[in-house]
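Me: I would like to learn how to read a few features of a protein model. Could you take me through them one at a time?

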Amino acid sequence: MNNEIPTTISKEEIAGLELESFPGEIVIIDTLADCEKAVRYLQRQKLLGFDTETRPSFKKGKSNKVALLQLSTQKSCFLFRLNMIGFPESLLNLLKNEKILKVGLSLRDDFGMLRKIAPIEPAGFVDIQTYIKQFNIQELSLQKIYALLFHKKISKSQRLSNWEAETLNDGQKRYAATDAWACILIYNKLKKMKPQV
């Protein structure tokens, strides 16, 4: 596959792009029973997109715990509401299963935040920010990397919304699912390309 992609993109260029949105099924996991069922399904997958969301804190020195953990396949995205179910053992085991490739962005930050809830030992993860270096891509944000590769933009409008809300609205669900799913698409596209370095 030809590698004719630019290495950077401006906010102005992104603004003119068509909006991308996860087209598949979004499954909310807010009970332990739902969690066990979802994990059983996810344990059978070979590749998952991964992300987390945390309610923003607007007070200096105060941070909230991760409220949502997203795991996506190509067709379905599972939104684990950690603020409601805690961090079940089955989910911890899934994150340390090295046989399942899990792709995310800026993983060190996510893992650091998750360790405030439970002693996670992640394995089988690929960080897109590290992976893209071999393609000379200079951008580090998911939105910019996605725009470079697919010429579409991912909305960031829900990023600072309340992820601990009793019920997540459709915009939040779509945003959270799109971020995790986009990691799979980026990884699969890069895998077909020839490294530049």
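Reply: We will go through a helix, some aromatic rings and a set of strands. Keep in mind that this is a predicted model.

Me: Start with the helix. Which residues of helix α2 are buried?

Reply: Buried means under 20% relative accessible area. In α2, residues 32-42, that gives C35, A38, V39 and L42. Now look down the axis of α2. The buried residues fall within an arc of 100 degrees, so they line one face of the helix.

Me: Which exposed residues sit on the face of α2 turned away from its buried side?

Reply: That face carries A33, K37 and R40.

Me: And what covers the buried residues of α2?

Reply: The cover includes the strands β2 (25-29), β3 (47-54), β4 (66-72) and β5 (76-81). It also includes the helices α3 (82-85) and α4 (89-95).

Me: Next, the rings. What describes a pair of aromatic rings?

Reply: Two values do: the distance of the centres and the angle of the planes. Here, centres within 6.5 Å make a pair. The count comes to nine aromatic pairs. Take F50 and F125. Their centres are 5.1 Å apart, with 80 degrees between the planes. Planes over 60 degrees apart count as edge-to-face, so this pair is edge-to-face.

Me: Where do F50 and F125 lie?

Reply: F50 is in strand β3 and F125 is in strand β7, residues 125-127. The pair therefore ties together parts that are 75 residues apart in sequence. Both F50 and F125 are buried. Ring pairs also link F50 and F125 with F111 into a cluster.

Me: Which pair is tilted?

Reply: One is Y131 with Y187, at 5.2 Å centre to centre and 40 degrees between the planes. Y131 belongs to helix α6 (residues 128-131), and Y187 to helix α8 (residues 170-191). This pair links distant parts of the chain, 56 residues apart. Both Y131 and Y187 are buried.

Me: What lies over the face of F150?

Reply: K189 does, at 5.1 Å from the ring centre.

Me: Last, the strands. How many bridges join β3 to β6?

Reply: Three, and the two strands run parallel. The strand β6 covers residues 101-104. Within this pairing, L48 stands opposite K102 in β6. β6 also pairs with β7, again in the parallel sense, over three bridges. There, V103 has V126 in β7 as its bridge partner.

Note on methods
Residues numbered from 1 in each chain as written. Predicted model: local features only at pLDDT ≥ 70, side-chain atom pairs only at ≥ 80, totals over all residues. Heavy atoms only, no water. Buried < 20%, exposed > 50% of the residue type's maximum accessible area, 1.4 Å probe, protein only. Helix = DSSP H or I, 4+ residues; strand = E, 2+ residues; numbered from the N terminus. Arc of directions from axis to C-beta. Contact = heavy atoms within 4.5 Å. Phe/Tyr/Trp six-rings, centres within 6.5 Å; stacked < 30°, edge-to-face > 60°. Lys NZ or Arg CZ within 6 Å of the ring centre and 35° of its normal. Pairing = 2+ DSSP bridges.
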